[in-house]
Amino acid sequence: MFRNRQWHRVYLLAVLLAVGCFIGTQPVGGAAIPPDMDPAKYPAPNVGCLAPGKCHQGIEPIRGHDSEMAKQIYAKGKALGDPNGCVVCHGGNPAEEKDAVKAHTGAPAGGPLDTFVVHSGSVWVNEKICGQCHEPHVYAQHRSIMQTEAGKIQGALWGWGPASTGYDKKYGNYDVDDPDGPDPVFGTEAYKSYTKALMEAYPGNFPKQLAQVPKTNLDTLKEKPWEAIYTYVRTDCQRCHVGVKGRDKRGDFRGMGCASCHIPYNNAGLYEGMDKTVKRDEKGHAMVHSIQSSRKTKVVVNGRVYSGIPHETCVSCHNRGKRIGVSFQGLMEFPYGSPYSDKGKKQPKLHTKFYQYIKDDVHHRLESREGNPQGGLLCQDCHSTTSMHGNGNITGTLLANVEVECSDCHGTASEYPWELPLGWGDEFGQKLDAGKARGLAEEPLATHKKFGVVYPAQEGYLLTARGNPMGNVIRQGDKVLVHSATGLDFEVPTLKSLALANKWQDPDRAISAKLRAKKHMETIECYGCHSAWAPQCYGCHVKVDFSGDKKATDWVAAGNTHFPNGHTAESMRNVPPPTAPGVAYGKTSENRSYLRWEDPVLGINGEGRVSPIIPGCQQITSVVAPDGTLLVHNKIWRTPAGLENGGGEGQRSIDMAPAAPHTTDRKARECTSCHASAKALGYGTHDGRYLRGYNEGVYVDIMDNQGQLLTKTAQYQISPVPELSMDLDNIINREDLQLQTVGHHWPLDGPLPAEVRANMERTGVCLSCHQVIPDGAFVYKIIAKVGETLGMVPKNDAEHRKLIGRAMFVAANVEIFGIPIAILVIVVFVVLLRRKKAG
């Protein structure tokens, strides 16, 4: 065919290039790009906002053209003179195709808007935009903890003495109330009944209204230095609420309001779509102009397709506090930035921090039913509508919102999930009717049916601990299936099925912990044992400095200063916020004492179960006045008298908080990490023997043999923290004296009770044998020698466990049957002796 070999080579090269180009443009996993996401298939792709030239031609569709949402938008847009529907969410003048300023002015008469809107998902305009179809979601969002952050504010104030509101949630980012009353806007009757009962039992965590958190009054700061906390909260803590766009740092870019979650942003905050009017090197843009939501909602970026809301969207906020977002990914912050990059530099900062990889949550990377080992569950697969949008009530803690428990999918070793009563794992100290099974739901929630993906129910939808159906989790025989928004499906290992088939990963430990020690299942959170690690950031050293005309963005003031176009005082790109009210005087800086990730301390959470506890906000505070005077120096404040077992002087208000670390592993933590660990019990690492010198401070300079400084140039290497007489992981001492607060939301939060600690502790078990073996009394020496000769001395942990098991078996039998057998032997001996004499 080819007479010239050179042409033969050219042909082969062309074929290879064609195949290579084809393969190189295929989406990950082989998913085809949906035709209805093609920008060329808008109803009028060259008209109005999509006109060629200076306009947005090529921009990605907000939803697939064939979706019900897009059809409604196009219909509304057509009635307003814009067949592509842009004006429905953004307003503007669709007839103007040449002048961008004129095009981005006003809005069509008769439409939902009266001006052009930039951030159409913004809390400050979404009632007119998203609320056209999602009215209850918008109502709930305005009162959700992601908007008010009432719990975070109360927790921060908790550590500043007179500024504290105690257990009550009085402040939020905004003045807000709940005019529709205590009935949640979403949920089954069982859920609503459950929620209202919680509200009645714990009114402080379900306030009826909130007031905007105050500002620091500089005129009275010297008399009331504790009011510096208001500047700390406003300029540092509150940047993550959905009423503002947040910090422009790598990993923190996101939208506002509904767009905080439903519009994708990459870590760099750079646009990667096809709208030529958007600068590719200007930070702060969405990655593409498409909504991310459920499995049916596809997003196309760089020729690839995905569905669902990626973890990274959630992590743009959930990288501080309890750090559950980055922990789920297996990351924990550290100060070094190693290893070096291929350019010889430290790793790039993410959320302004360096990270080390520990181990990601088992749900982050799972093997699906299709055999995909790189898949995994998304946050939304467990945390759905009521957790994310709120339920319409004002809540003051995360625990007031989160309704899902591990057992809702995995059950227990003796019960399938549908055999458990409602409230299992979510008891709040209440006794449940164990014989009243929760059963299954025949239908998902009404809002899920209307907007989500409705999966075949098969035997039924599983219920959360509070009574709502999980629309993506179904029963199939004795199996549980989870349909992830990613498009993957997973079979959940139920503990009862594992028990019946005896397919435990570690049978001895699993049977001991889950079946024989039944109290574990009844009193410990699953993640109490199955959290592989937990981020522990001990000591939050906070300095609020008002000297030298220092300023910082006031996120609360910025959010309260909003405009008809959806902007707030901080969200305008490349425009600094105005001096008032978007900026607060004073600048906050934070530092730490030390970081740990290994086996965390254990305590009791608000539900009354044993849980990991990690540093919540162990605030050690310093305040600098406008004139440079140090008003407060390394101060640990105290709670009001009588709180947290603090007696008349109050408790140190450095706080350890119960947490679900989101670092789940199939393999549980070692038994000894709880039962033989002083730290786990709350007594501090190695019984709190370390870090005890901070209350006096540390000098390291030339001294005499009496420890007296010889040089006049000496200065503290470590300045004193007067109230810190113990290690920061030490929450209680051996005399049962509580040393710091544990949780500040729920009455049941606290250290492990004395009885529980006494029952758990087994630190002396080893000494029971080894204080006399092998060199104790003569009889023990003989036993040790015989055992060594016969090869019975254990050489590893497994052999040691078997030996102890045999010894306990023999000892138990001797303890129970020894005396009766001895008596029986004596009686038989006496009887036989008498018979012999009689004979």
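Guide: Strands are DSSP runs of E covering at least two residues, and helices are runs of H or I covering at least four; both are numbered from the N terminus. In these terms, Asn302 belongs to the loop between strand 4 (298-301) and strand 5 (304-307). The model is a predicted one. Although Asn302 is not a glycine, its phi is positive, at about 55 degrees.

Another loop holds a backbone feature of another kind. Between strand 6 (331-334) and strand 7 (354-357) lies the loop that contains Pro339. The peptide bond joining Ser338 to Pro339 is cis, with omega about -5 degrees.

From the backbone we pass to aromatic rings. A pair of aromatic rings is described by the distance of the centres and the angle of the planes. Phe334 and Tyr336 pair edge-to-face, with 5.5 Å from centre to centre and 80 degrees between the planes.

Ring pairs join Trp160, Trp226 and Trp637 in a cluster. The ring of Trp637 additionally has the charged end of Lys635 over it, 4.8 Å from the ring centre. Likewise, the charged end of Arg609 is placed over the ring of Trp424, at 5.3 Å from its centre.

The largest nonpolar core comprises 27 residues, and Leu602, Leu724, Ile731 and Leu752 have the most contacts inside it. Strand 16 (601-604), strand 17 (610-617) and helix 23 (678-681) each contribute two or more residues to this core. Beyond its neighbours within four places in sequence, Leu602 touches residues including Val610, Ile613, Ala680, Ile731 and Leu752. A separate, second core has 21 residues, among them Ile153, Tyr230, Phe546 and Val623.

Tyr230 is also one of the buried residues of helix 9. Eight of the eight residues of this helix (228-235) are buried, so helix 9 is largely enclosed by the rest of the structure. The buried set includes Arg234 as well as Ile229 and Val233.

Notes:
Residues are numbered from 1 along each chain as its sequence is written. This is a predicted model: local features need pLDDT of at least 70, side-chain atom pairs count only at pLDDT 80 or more; totals for chains, interfaces and linings use all residues. Side-chain values use heavy atoms; hydrogens and water are left out. A nonpolar core is a set of buried Ala, Val, Leu, Ile, Met, Phe, Trp, Tyr and Cys residues joined through side-chain atoms within 4.5 Å. Buried means under 20% relative accessible area, exposed over 50%, partly exposed in between (1.4 Å probe, protein chains only). Contact means heavy atoms within 4.5 Å. Rings of Phe, Tyr and Trp (its six-membered ring) pair if their centres lie within 6.5 Å; planes under 30 degrees apart count as stacked, over 60 as edge-to-face and the rest as tilted. A charge sits over a ring if NZ of Lys or CZ of Arg is within 6 Å of the ring centre and within 35 degrees of the ring normal.
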